[in-house]
Amino acid sequence: MAIQDIISPGFSDPVFQSQAAFRALLTALSEPGTLQSVAADIIPPEGLATATATALLALADYETPVWLPETLRDGPAATWLRFHCGVALVDDPARAAFAVIDGAASEPKLAAFNPGNDQFPDRSTTVIVQVSGLDGGAGFSLSGPGIPGTRRVAPQGLRPGFTDELRQNGALYPLGVDVVLASGEGMIGLPRSTQIEEAR
Amino acid sequence: MTVHQMPADNTKPAYNYAYLDEQTKRMIRRALLKAVAVPGYQVPFGSREMPLARGWGTGGIQITAALIGPADTLKVIDQGADDTTNAVSIRKFFERTADARTSEATEEATIIQTRHRIPEAPLKSGQVMVYQVPMPEPLRKLEPREAETRKMHAWAEYGLMQVKLYESIARFGEVTTTYDYPVMVNGRYVMSPSPIPKFDNPKMHMSPALQLFGAGREKRIYALPPYTSVKSLDFEDHPFRIQSWSQPCGLCGAADSYLDEVVIDDRGGRMFVCSDSHYCETRRAEGHRGAMLGDAAASGLVEETNP
Amino acid sequence: MYVAVKGGEAAILATHDLVAEARRGDPAVPEITVAQIREQQALACARVMNEGSLYDKDLAALALKQSQGDVIEAAFLMRAYRTTLPRFGSSEPLDTAAMAIRRRVSATYKDLPGGQVLGPTYDYTHRLFDFALMEEGREAEPRKASAPLDATMPRVPDILGAEGLMEAEEPPAGDPRPFDLTRDPVSFPADRDVRLQSMARGDEGFLLGLGYSVQRGFGGSHPFVGEVRVGEVAVEFVPEELGFAVDLGEVTLTECQMVNQFQGSKDVPPQFTRGYGLVFGHSERKAMSMSLVDRALKSRDFGEATNYPAQQDEFVLYHADNVEAAGFVEHLKLPHYVDFQGELELIRRIRREREERLAQERGAKEQDTMPEAAE
C-alpha cells in the first residue's frame, strides 16, 4: 500500500493555502477573542481538528519541535505530521515550539510548556487547545492589545480552572505561552497579552 | 509572465511566489505571531539576503512577502508618496514576483508598506501597515551593545532614555527628537516607531489596523496589534507635542497634514505641500484648491488631466 | 483633475539602460568573457566567492562582469542568488591536512616535514610595471618541478600539538552542526562557529584593518604565522538515503593558522594559542587577517581584557559584513525629506525663540545699565 493511502492528504496548493491559514492565525492572535476560520481544504488525521492540522501544516517544520498528547503521539496524527511537516515530536512539553492539547483533559497544564525567558520571550510554546465548541459555553471576557474595550468568548469543553490557568499565564507577561482554541475549522487566539477580566 | 511562473526549462531561475521559499516564509510567519503576542518586543529572525540592498526596505519586503496573497491589494509609499523611486522599485518587485494587485488609494489597500510616513487618511480594521525599519533598537544610541540593550528591555530598565530626553529639555526647553520618537507600548516595551515624523506617532495609538515592523539588516521583527496603547515618551511638565505649520498645503489647502518644503527658486521661495501624495490628490479631486495650485500647474510641478 | 507628475518609474528603467551602456564601455573594444574573468582575474573571483559565501567560479566571474568589477556589488549578486538555493545538508568536515598543496609556508620553523613550498606568490615580485602585459599574446611558460612534493604535509599546529604545546581545539559536546548565520539570527556573546563564519564572509579590508590594529597594540597578541597553506581539498557529503560519503569534487582553499603566546592559567600549563583563518580560493591576506582577529576574539574565553575593537564580537560581527554595511551607508541616498522637514521646523523655531530671548535680555540689560537702576 502506498504511503498516500494511509496518510490523508495535506495542502494541495501549499503556497496559497499556507498563506491563507497564516493570515487567519495572524488575525486570531492580533485580535484575541475573535472567531477566525480556515478553509476545509484538507482531511485532518484522526484526533486533530481541521483548524489544528491546518495551522501546523502552515507553520511547523523540522525547525519546530511539536508536543502531542500520548493518545495521539503513536497514532495517525503523529505519522501525518511527520510526513507532511517533517516535524520532530518531543516528550518534554517544555521543549515544544507547538503543542496540541485536549481542552477537557486535566493534564498537561499550560504551565508545563515553555514560557520563554526574559531576554527572549518569543521562545515560548504556542499551545493549540482543542475544544468541543467555540461558542455557547460558559463565557468570560477579555481585554488587552487587539481588543477595543472588552470582548466575550464562550468556548465549550474546557477543563475546570482553565481560565485560572490563562490568568496565571497572563500574569507572567511578557513571558507566557500563546493559546489558540481550535474546534472544527474555527479558532480563537488567546495570546499571553490578553487579560481575563472575569469568569462566570 | 511573472518570474515565479516561469517554466523550469526557461534559462532564468524560477522563483517561488513572492520570492521567498516556503520554509523562509514559515520562519517569518512564526516570528510575526510571536511579535503580535508581545507588542513592541523585538523578535530576532533569520533575515534573508534579498535582491534589494540592506537598508532599502528588506525587512519590510520580507514581511510583505510572508503576508501577501491573491486577495491582497498592496500600496507602497516612501516619504508618504507612491511615486518616490524606492517605492516604485518595491512595488515593481511584488508585481513581478507575486502578481500583486497594487493601488495608490489608501482605503483600497489591504497591505501598506511604508518608509517614514503613516498615511493621513485614517486606517481601517483589516488593513496591515508594514514599516521599513533601519534601526529597531530605540536604546541603541544610548548603549551600542546588543547584549546590554537586550537586558535593559528584559528588566524594563528605561531610566537612561528618560534621562536623555530630560537632558534635551534642560538644554533646549523641549525634546529635540523630531522623528523616530520613542514610544511605550502596552505599558511594557519602549519601541522605535521607525523614522516616521513624530507628527505620525499619535496615529499609532489604538489604531484599528495591524502594524508590523521589519528590520532586515538588524534581523528584527516587531508588531502592534490593533487597539494597542502606544504612548510617546514625555514628562508631565513637558507633554508630547507634534509639528505644526504656519500655512496650509499650497496645492490642496489641507491644514491637517504633514507638509514637505519644496524650494521653488534660489531667492528663498518656498512652497509647502502634503507629503502624502494620495491624500493631496484626493483632496484636489474633491475640488480643494491651495493658494499655489495655479502656479504649480503652470510650472509643471503638477499636471492637469481629464477625469 | 490634477495629479502629481510621475516620473519615478520611467527614470528607474532608464538607469538600467544607462548602466548596461556604461558596463559595455567602448563598443570598439571586444567584450570581456566570463571565462576570461574566471581564468585571468582568479583572485578577484576568490574574493567574490568569499564575501558572497558561495563557491562557484563561473558565477563569481559573471558577477564581476555584471558589476563592472565592483567586488562588493558582485558579492551582493552572489548572496542574493545563494539565498534562493535549496539546502541539501552539510558536507563532512574538510581535511586540510590532506590538501593537495600548491603553496605552504611556515614562519615558525626553518624547515619541516614537507618543506617550504613557495608556489605562486607576489611576495618576492618587485612591484614594477610589466609593460609587456600591455600587449596580448604572450604565453607564460609552464614550469615543471624537478621532484614531486612530499606526500605528507603535516599542519604546523598539529606538530606543536603532538608536543602538547598548542591549545587543543575539540568540537563542542555532541559535535553539533555549526550555526548558520544565513538562516538563524545571531545572539551575543557569539560562539566560535558563528564568529568564524561571519569572518569568512566578512570584508577583506575591514578584517585587514582590524588584524593590523591588533598588531599595532590595539589588542595584546604576539602572532607568528605557524603556517599558510593553499591548495585543493576534497568535499564529501553523506546523503541520508545512502548513509556513506560521496565525493562532490574539490575546492581551492587557503588556510592560515597563527601561533600566539599564552601565559597559561592555574588549570592549564603555559601553551600556545591558535588563531584560525580558512577561506575560498587563493586569498592569503584574508586568511591571515581572519586568523589574527579570531585569536583576538578568543580574549574573553581566555579571561583576558577585551578593551579593543578586534576583541569585541559584537563590534566585529556587526560591522564586518560589507553587503550590509554598503546597503546601510548607501541608503542615505534615499529620500529623507520628511525627517529633514522635522529637523528644519525644529531648528528654525529654536533659533527664533533664542533670538526673542536674547532680544529680551538685551532690553533688560539696557534697563540695568541706566544709572538709577544700578545697584
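## Helix H9 of chain C

Helices (H or I, at least four residues) and strands (E, at least two) are DSSP runs, numbered from the N terminus, and the expected span of a helix is 1.5 Å times one less than its number of residues. This is a predicted model, in which local features need pLDDT of at least 70 and side-chain atom pairs count only at pLDDT 80 or more, while totals for chains, interfaces and linings use all residues. Residues are numbered from 1 along each chain as its sequence is written, with chains lettered from A and ligands numbered from 1 in the order in which they are written.

Helix H9 of chain C (residues 284-297) has 14 residues and reaches 20 Å from its first C-alpha to its last, close to the 20 Å expected at 1.5 Å a residue. Of these 14 residues, 13 are buried, so H9(C) is largely enclosed by the rest of the structure; buried here means that 20 or more other C-beta atoms, placed from the backbone, lie within 10 Å of the residue's own.

## Two domains in chain C

An automatic or database domain assignment gives chain C domain 1 (10-82) and domain 2 (96-120 + 149-329), whose C-alpha centres lie 28 Å apart. In contact (C-beta atoms, placed from the backbone, within 7 Å) are 14 residues of domain 1 and 15 residues of domain 2. On the domain 1 side, helix H3 (42-52) and helix H5 (71-82) of chain C each supply at least two residues, and the largest share, eight residues, comes from H3(C).

## Chains A and B

The contact takes 27 residues from chain B and 29 residues from chain A. H1(B) gives the most to the chain B side, with 10 residues.

Key: Two residues are in contact if their C-beta atoms, placed from the backbone, lie within 7 Å. A residue is buried if 20 or more other C-beta atoms lie within 10 Å of its own, exposed if 12 or fewer, and partly exposed in between; C-beta atoms are placed from the backbone.
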